[in-house]
Amino acid sequence: MTQIELLLQYQQADMAADAFENQIKRNPNRIALKKNREFLVEQQNAAKKLEGEVAHMTDRVETIKLAIVRLEEQLNQMAKRMQDTPPADLAKAQEAAKDAQKLLSDLEDYEKEMRQIQKDAAEREKLEKDIRLKFAKAKGEYDQQKVAYEAEYKEQMKELDQKRKEAEAKSADLEPALLEKYKTIKLHCTPPVAKLYSGQCTGCNMSLPQATLRKMKNDSGIIECENCGRMLIQM
Ligand SMILES: [Zn+2]
């Protein structure tokens with residue numbers, strides 16, 4: 001068998017292995033698994049965000065509760081003062097009433113804010129619970145999917161390994177320099193070997209100059225496409 005024939009046989013086996021590897025990557029079960037994993041992460045992040053918001057709200061409620069206690073104390077003190085030493089005149093009485101009114105109004109604002117926060121927090125807690133339930137269900141399905149796909153993947157990798165070995169066996173009798181060249185071209189162009197058809201590279205469809213074509217007859221039957229760099233052979 002000539003080097004060209006060996007090279008073509010090797011390329012065929014090598015391309016078959018590559019195609020199979022791509023097929024593994026595009027496996028619908030693999031893609032579905034990846035999508036579900038992303039969904040799970042999203043849900044987890046959403047639940048975490050809600051949890052953080054609720055914690056923040058709980059802190060705020062605690063602060064408001066303390067503020068309410070302080071206002072109530074102030075109101076009690078004021079009432080006590082009024083009882084102990086009633087205002088001397090109308091102006092003093094009006095001033096005291098105004099102060100009390102201000103404290104009551106602040107108290108009302110705090111209570112209103114607290115009720116709103118408690119309502120918002122309860123809504124978020126419900127939402128978080130829903131997400132966690134949804135997550136648990138999806139996670140169960142995902143785990144099953146994962147086990148099934150892993151078994152499939154293991155089988156496919158075994159088959160890929162077989163194909164790689166077949167290709168490697170076909171490269172055994174190739175000249176090392178030729179194999180090296182093949183691998184170098186493959187880094188940027190695949191398949192690395194193309195046929196020459198009526199003066200054109202079948203890899204990139206570029207026509208080759210007559211001088212290059214003449215060179216082919218003199219060389220070992222392999223020339224390089226000046227456009228894409230592929231090894232060209234004439235069959
Ligand atoms: Zn070309």
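The structure is a predicted model, in which local features require pLDDT of at least 70 and side-chain atom pairs count only at pLDDT 80 or more, while totals for chains, interfaces and linings use all residues. Residues are numbered from 1 along each chain as its sequence is written.

The protein chain contains 5 helices and 4 strands, where helices (H or I, at least four residues) and strands (E, at least two) are DSSP runs numbered from the N terminus. Along the sequence these follow the pattern α-α-α-α-β-β-α-β-β. The C-alpha atoms occupy a box of roughly 125 × 45 × 25 Å along the principal axes. The radius of gyration, taken over C-alpha atoms, is 40 Å, whereas a compact globule of 235 residues would have a value near 18 Å (by the rule of 2.2 Å times the number of residues to the power 0.38). Of the 235 residues, 9% count as buried; a residue is buried if 20 or more other C-beta atoms, placed from the backbone, lie within 10 Å of its own, exposed if 12 or fewer, and partly exposed in between.

Turning to the helices, α2 (residues 28-84) packs against α3 (residues 90-170) at an angle of about 160 degrees, with the axes 6 Å apart. Axes here are lines fitted to C-alpha atoms over the stretch in contact, and angles run from 0 to 180 degrees between N-to-C directions. The two helices are therefore roughly antiparallel, a term used for angles over 145 degrees. Their contact comprises 31 nonpolar, 8 polar and 18 charged residues (Ala, Val, Leu, Ile, Met, Phe, Trp, Tyr, Cys and Pro count as nonpolar, Asp, Glu, Lys and Arg as charged, and the others, Gly among them, as polar).

The 4 strands form an open sheet of mixed pairing, in the order β2-β1-β4-β3; two strands pair if DSSP finds at least two bridges between them. At the edges, β2 (200-201) and β3 (222-224) each pair on one side only. Strand β3 runs antiparallel to β4 (residues 231-233), to which 3 bridges join it. Isoleucine 223 has leucine 232 of β4 as its bridge partner.

Some loop sites also deserve a look. The peptide bond from threonine 190 to proline 191 is cis, with omega near 0 degrees, and proline 191 sits in the loop between α4 (176-186) and β1 (193-197). Serine 198, in the loop between β1 and β2, has a positive phi of about 40 degrees although it is not a glycine. Serine 198 is exposed, with 6 other C-beta atoms within 10 Å.

Definitions and conventions:
Angles under 35 degrees count as roughly parallel, over 145 as roughly antiparallel, 65 to 115 as roughly perpendicular and the rest as oblique.
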